[in-house]
Amino acid sequence: MIVGIDLGTTHSLIGVYGPDGPRLIANALGSLLTPSVVSVGDHNEVIVGRAARERLVSHPQRSVAAFKRWMGTDRVTALGKHRFRPEELSALILKSLIADAEADLGHRVEEAVISVPAYFSDSQRKATRIAGELAGIKVERLINEPTAAALAYGLQQRDGGGRYLVFDLGGGTFDVSILELFDGIMEVHASAGDNFLGGEDFSQALLDAFLSEHGLAASQLALTELAILERRIEALKHELARGSEVAFELSLAGQPRAWRVDEAAFARICEPLVQRLRAPLERAMRDAKLSPSQLDEIVLVGGASRMPLSARLVSRMFGRLPLRHVNPDEAIGLGACVAAGMKARDESLEEIILTDVCPHTLGVSTSRETHGRYTSGIFSPIIHRNSTVPVSRVERYFPTYDEQRAVEIEIYQGESPRVEHNVRLGMVSIELPPKRRDENPIDVRFTYDINGLLQVEAVALSTGLKREVVLEKNPGVLSQDEIRERLAALAAIKVHPREQQENIALIARAERLYEELLWAREQLQDALVQFRGALDMQDPELIAHHRAEFARYLDAVEAQS
Amino acid sequence: MTPFARLGLSHDADESQVKRAYARELRKTRPDEDPVAFQRLHEAYAQCLEWVRRSRAGAATAVFEDLDELLGDDALPSLRVRADDAATATPVFDGATVTGRAFDSAVFDSGAFLGQLLRIARENTSQELQRWLREHPDLYSVERKQALAPLLIARLQDEPSLYIAQLDIVLAFFDLDTVHPRTASLQPAVADLRAYSQARGADFRGLQFDPDPRPGKRGRHPLALSPSMWFFLLMLLAAIARVIKAANSA
């Protein structure tokens with residue numbers, strides 16, 4: 001059975017496609033959302049999910065969150081004695097999700113469909129596939145997040161389909177996709193986005209505003225203080241989405257600090273971020289060749305779309321009100337389950353076919369002659385952004401000079417007419433016979449497959465010589481040998497068994513409250529010692545009893561804060 | 001084979017027939033199974049759609065509903081977004097839709113607007129220009145912004161060039177600084193405009209750091225004249241003197 005996974009910046013979900021449609025699976029703590037946080041305990045064992053999120057406060061140097069933003073880079077995070085690349089951290093999340101799915105399904109899970117931001121580049125997609133391999137599963141397909149959300153939504157509307165714009169503002173990324181559903185075909189017309197714009201950035205803007213209003217700098221605060229403040233800001237942001245004015249108080253750098261923010265102030269603080277949402281929306285509409293009146297629905301998904309400013313911006317730009325998914329956190333996960341069902345050719349989905357687009361423009365660097373002078377570094381597109389994939393296109397080029405013996409064809413991805421503003425993907429060089437330049441054509445063919453992999457082929461037409469390029473090894477991508485090595489290393493790391501998750505999460509919560517609530521420290525310490533003592537007795541019944549007591553106590557303490 | 005023949009259609013097929021035929025053919029030619037055949041099918045489909053839409057466009061009439069009253073100054077109605085109902089895991093949607101507002105040329109004078117935009121670009125700093133563009137309520141409309149882009153290029157070509165920094169802000173705001181077939185026809189004009197602006201040089205309204213403040217080191221004094229100008233002036237004086245002399249003697 002293939003599972004569907006939403007591997008998110010702030011939290012992740014797993015599920016399957018069953019007889020009743022898509023179904024999400026709860027983790028060991030009974031929640032559908034597993035925070036995408038990894039922490040390393042005192043004995044270098046790995047802790048994932050809610051407990052790890054609590055430990056961001058109590059053990060900030062041994063915990064890490066929002067690492068999806070580093071996918072496709074070789075950034076290394078040191079936690080305890082471990083050093084992890086972003087795809088390894090993602091693999092730890094995937095392993096935890098898979099353990100939950102296996103416990104629920106009662107059998108091994110070996111294949112998955114994972115959702116990725118539509119605007120993810122080649123190296124970010126590769127890193128996501130490798131994360132799957134490192135977690136011991138085969139990634140059958142990567143599905144774009146807004147497409148997944150539209151699958152979950154569109155299939156609900158059985159009446160003939162329609163055109164949707166999906167506005168997907170997640171924890172770390174922003175995607176816009178325009179899709180059409182008709183006769184069982186889900187066709188993506190256009191996607192656009194920003195890989196570094198999400199709920200986390202809005203929290204950061206609030207945090208910066210708080211610090212500057214209080215004349216503080218992040219560097220003045222202890223890591224734990226900063227983590228406590230981040231939690232407060234996060235809670236404040238969520239409350240702002242519901243109420244009109246929110247206030248909090250906490251002690252920082254030895255002084256009590258109070259802060260009061262209303263929706264209008266929040267909108268002001270976040271204005272520069274809101275501005276960045278506009279361009280992808282405009283670009284997607286233009287590329288889809290649609291006017292707002294031709295859209296049947298505008299659907300908001302992703303946790304950060306709860307912020308009223310998302311809906312406000314959409315209404316200003318489109319002259320109409322958007323719809324909000326009742327549970328924007330789950331829409332993409334549900335869609336990933338539908339995609340998994342399609343991949344497995346589930347009978348009820350047999351009739352649905354999905355076509356997607358490539359989000360970026362791909363081309364080569366050329367030079368152009370004007371008034372006898374050559375300008376180099378001009379980007380010549382071969383595959384335009386938002387072409388339906390799979391797609392293969394060829395363009396003809398000529399060498400710059402007569403008698404030129406070789407050309408170097410540099411491959412770029414991006415939207416600027418100048419290559420220096422785009423991303424260089426690699427190069428292919430090809431030898432030429434000595435001829436006049438206009439008698440020496442070269443055909444360059446780009447082939448982009450359904451999984452987002454690009455193949456480039458150059459042919460010197462006068463000799464028939466053919467050169468294919470294997471795109472340069474990206475610094476963010478691991479080799480097969482390295483993957484095998486890391487796979488073994490990850491398998492050797494100790495992870496707590498599933499049935500201990502609840503105990504670990506409770507201890508982590510108590511430790512977090514210990515840092516946050518000075519007045520309750522002694523009591524919390526006592527309760528922690530007592531609970532740890534109960535765990536040592538290894539009597540399941542006794543542990544269950546103490547666990548219930550301990551949880552009640554922590555609830556009471558937190559309610560008083 | 002014509003695109004219509006590929007889909008098994010006659011040339012007078014309408015949009016829904018094209019889509020149905022494409023859906024039928026797609027089941028035999030899946031993108032993950034036969035990429036080459038799929039690409040051919042999709043191209044035929046795109047061409048048919050383009051054809052159908054063009055031939056229908058002449059007959060289309062648009063019915064617009066004015067949302068200005070609803071949207072008001074700040075263009076925001078109080079949103080009817082219900083509190084999340086987490087009890088159900090199946091997607092349910094709330095809120096309300098309103099028919100799209102479209103462009104009303106009687107209300108919006110694009111010529112006057114572009115004139116204003118160019119004035120702002122000439123008279124203000126880059127930051128002010130950027131703020132003005134971002135905050136202009138009319139530019140929030142996706143449709144209006146799209147329709148303005150070609151008019152803007154035509155206007156820029158008619159007027160004296162802007163400073164390059166200002167021009168780049170305007171081009172970026174209207175997404176005219178990227179490659180795409182939709183704006184390909186405008187790209188040569190954009191390249192020319194940038195070349196003119198670059199030739200015009202830096203914006204003199206900004207103060208420049210002068211590493212060597214000796215007077216007169218950079219070129220001529222404003223009152224300095226070239227040798228040919230001196231010659232011309234002398235000849236002029238001589239001519240005047242001769243005229244005066246002639247007048248006196250008469």
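Author: A cut-off is needed at the outset: a residue is buried if 20 or more other C-beta atoms lie within 10 Å of its own, exposed if 12 or fewer, and partly exposed in between. The model is a predicted one.

Reader: By that cut-off, how does Asp175(B) count, and where is Asp175(B) found?
Author: Phi of Asp175(B) is positive, near 55 degrees, and the residue is not a glycine. Asp175(B) belongs to the loop between helix 8 (164–173) and helix 9 (187–200) of chain B. Because 18 C-beta neighbours lie inside 10 Å, Asp175(B) counts as partly exposed.

Reader: Is Gln538(A) buried or exposed?
Author: Gln538(A) sits in the loop between helix 13 and helix 14 (540–560) of chain A. Its phi is positive, about 55 degrees, although Gln538(A) is not a glycine. Since 8 other C-beta atoms lie within 10 Å, Gln538(A) is exposed.

Reader: How does Lys68(A) count, buried or exposed?
Author: The loop between strand 7 (63–65) and strand 8 (77–79) of chain A holds Lys68(A). Leaving aside neighbours within four places in sequence, Lys68(A) is in contact with Leu7(A), Gly8(A), Thr9(A), Ser36(A), Ser90(A) and Gly172(A). Because there are 31 C-beta neighbours inside 10 Å, Lys68(A) counts as buried.

Reader: How far apart in space are Lys68(A) and Ile430(A)?
Author: In sequence, 362 residues separate Lys68(A) and Ile430(A). In space, from C-alpha to C-alpha, the separation of Lys68(A) and Ile430(A) is 38 Å.

Reader: What span should helix 2 (residues 86–105) of chain A have?
Author: Helix 2 of chain A is mostly covered, with 15 of its 20 residues buried. Just after helix 2 of chain A, Gly106(A) takes a positive phi of about 80 degrees. At 1.5 Å a residue, the end C-alpha atoms of helix 2 of chain A, 28 Å apart, agree with the span that its 20 residues should have, which is 28 Å.

Reader: What covers the buried residues of helix 8 of chain A?
Author: The buried residues of helix 8 of chain A include Leu277(A), Pro280(A), Leu281(A) and Met285(A). Among the elements covering them from chain A are strand 13 (174–182), strand 14 (185–194) and helix 9 (308–318). From chain B, the cover includes helix 7 (142–158).

Reader: Which way do helix 12 (residues 501–516) of chain A and helix 13 (residues 521–537) of chain A run relative to each other?
Author: Their axes come within 9 Å and cross at roughly 160 degrees. Angles over 145 degrees count as roughly antiparallel. Helix 12 of chain A and helix 13 of chain A are therefore roughly antiparallel.

Reader: How do the residues of that contact divide by class?
Author: Helix 12 of chain A passes helix 13 of chain A in a left-handed crossing. Among the residues that meet are Ile507(A), Ala510(A) and Leu513(A) of helix 12 of chain A, and Leu524(A), Leu528(A) and Phe531(A) of helix 13 of chain A. The residues of this contact divide into 9 nonpolar, 2 polar and 1 charged.

Reader: At what angle do helix 7 of chain B and helix 9 of chain B pack, and what classes make the contact?
Author: The axes of helix 7 of chain B and helix 9 of chain B are 10 Å apart, at an angle of about 40 degrees. Ile153(B), Leu156(B) and Gln157(B) of helix 7 of chain B make the contact with Ala189(B), Val190(B) and Leu193(B) of helix 9 of chain B. By class, the contact has 5 nonpolar, 1 polar and no charged residues.

Reader: What percentage of the residues of chain B count as buried?
Author: Chain B has 10 helices and 1 strand. Of the 250 residues of chain B, the share that count as buried is 19%.

Reader: Which peptide bond is cis?
Author: Pro390(A) lies in the loop between strand 22 (388–389) and strand 23 (391–397) of chain A. With omega near 0 degrees, the cis peptide bond is the one from Val389(A) to Pro390(A).

Key
Residues numbered from 1 in each chain as written. Chains lettered and ligands numbered in written order. Predicted model: local features only at pLDDT ≥ 70, side-chain atom pairs only at ≥ 80, totals over all residues. Axes fitted to C-alpha atoms, helices over the stretch in contact; angles between N-to-C directions. Helix = DSSP H or I, 4+ residues; strand = E, 2+ residues; numbered from the N terminus. Parallel < 35°, antiparallel > 145°, perpendicular 65-115°, else oblique. Left-handed = near helix turned anticlockwise from the far one by under 90°. Contact = placed C-beta atoms within 7 Å. Nonpolar A, V, L, I, M, F, W, Y, C, P; charged D, E, K, R; others polar. Expected span 1.5 Å × (residues − 1).
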